[in-house]
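This briefing covers helix content, helix packing, salt bridges and a surface patch. The structure is shown first, and the notes follow.

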Amino acid sequence: MNIQRLLHTSDRISTWVGKTASWLMIALMLVVCAEVFKRYALNEPTAWIFDANNMMYGTLFMLGGAYTLAHDGHVRGDFFYGSMKPTTQAKVDVVLYIAFFLPGIAALTWAGWTYFSDSLAMREQTFNATPIPLYPFKFVIPLAGAILLMQGLSEILRCIVCIQTGAWTPRLKDAQESDVIAQQLAGSEFVDDEAKALAIEQSKTVKG
């Protein structure tokens, strides 16, 4: 397995997890709408809805971390970072990943597993009139940490390749990103048709 395929595999796993978790947004919306209707129209509020909302939102937030990292979507200081050469960017990233990212995410994963194990052992439930199991939600913490750790190691490998070659390896692009680019360019009055076609074609190139 070559390096490019290895990087693509990691990106695909993170992307699949992120997109699968994104369906929770629909479930969250439906649950909130149902609760609003029950609370204000029927005057029958549900005791466990608030906890369920927090669990779904937390799961969506945590499982989206690796997806965002795989697509280079996390916020960074672009004013300085963007002006650096790719090799310099890669060196800075390697130092930050090793010094901060790996220890932090490893600690999160380890502590999250302990947190989940204790919760599972006592069959922990929420504190309300209609309790619901809490340990499945706590399992998401080490799960998200492990996936994010995997993607972080992939990013370190990507940085090492960049240091050796002087250029970033292309990322695995989400197909939806190409659609967004096409929509944005379609409404632009300052880009000619040839440049639009070239930009859209390049955005469809598989990166990773």
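L6 counts as partly exposed because its relative accessibility is 41%, where buried means under 20% relative accessible area, exposed over 50%, and partly exposed in between (1.4 Å probe, protein chains only). The model is predicted: local features need pLDDT of at least 70, side-chain atom pairs count only at pLDDT 80 or more, and totals for chains, interfaces and linings use all residues. Residues are numbered from 1 along each chain as its sequence is written, and side-chain values use heavy atoms, with hydrogens and water left out.

**Overall content**

- The protein has nine helices and zero strands, where helices (H or I, at least four residues) and strands (E, at least two) are DSSP runs numbered from the N terminus.
- Along the sequence the pattern reads α-α-α-α-α-α-α-α-α.
- Of the 208 residues, 34% count as buried.

- L6 is located in helix α1.
- The C-alpha atoms of L6 and S154 are 8.0 Å apart in space, although the two residues are 148 apart in sequence.
- Two packed helices are described by the angle between their axes and the distance between the axes.
- For α1 and α7 (residues 135-165), the packing angle is about 150° and the axes are 10 Å apart; α1 is therefore roughly antiparallel to α7.
- Axes here are lines fitted to C-alpha atoms, for helices over the stretch in contact, and angles run from 0 to 180 degrees between N-to-C directions.
- Angles under 35 degrees count as roughly parallel, over 145 as roughly antiparallel, 65 to 115 as roughly perpendicular, and the rest as oblique.
- α1 and α7 cross in a left-handed sense, meaning that the near helix is turned anticlockwise from the far one by less than a right angle; clockwise would be right-handed.

**Salt bridges**

- Side chains of opposite charge can pair when their charged atoms come close.
- There are five salt bridges in the model, each defined as a side-chain nitrogen of Lys or Arg within 4 Å of a carboxyl oxygen of Asp or Glu.
- In helix α2, E35 and R39 are four residues apart, about one turn of the helix, and they form a salt bridge whose closest N and O atoms are 3.1 Å apart.
- E35 counts as buried because its relative accessibility is 7%, whereas R39 is partly exposed, with a relative accessible area of 38%.
- R158 and E155 form a salt bridge at 2.9 Å, N to O; these residues are three apart in helix α7 and so about one helical turn from each other.
- R158 is buried, with a relative accessible area of 0%, and E155 counts as buried at 3% relative accessibility.
- E155 also meets R171 in a salt bridge, at 2.8 Å from N to O.
- This pair links distant parts of the chain, with E155 in helix α7 and R171 in the loop between α7 and α8 (175-186), 16 residues apart.
- R171 and E155 are both buried.
- A network of salt bridges links D11, E155, R158 and R171.

**Surface patch**

- W23 sits in the loop between α1 (3-22) and α2 (24-40) and counts as exposed because its relative accessibility is 60%.
- W23, I26, M29 and L30 make up a nonpolar surface patch with about 460 Å² of accessible area together.
- Patches consist of residues with over 30% relative accessible area and no salt bridge, with like charges joined within 9 Å and nonpolar side chains (Val, Leu, Ile, Met, Phe, Trp, Tyr) within 5 Å.
- Accessible areas come from the Shrake-Rupley method with a 1.4 Å probe, and for residues only the protein chains shown count as cover.
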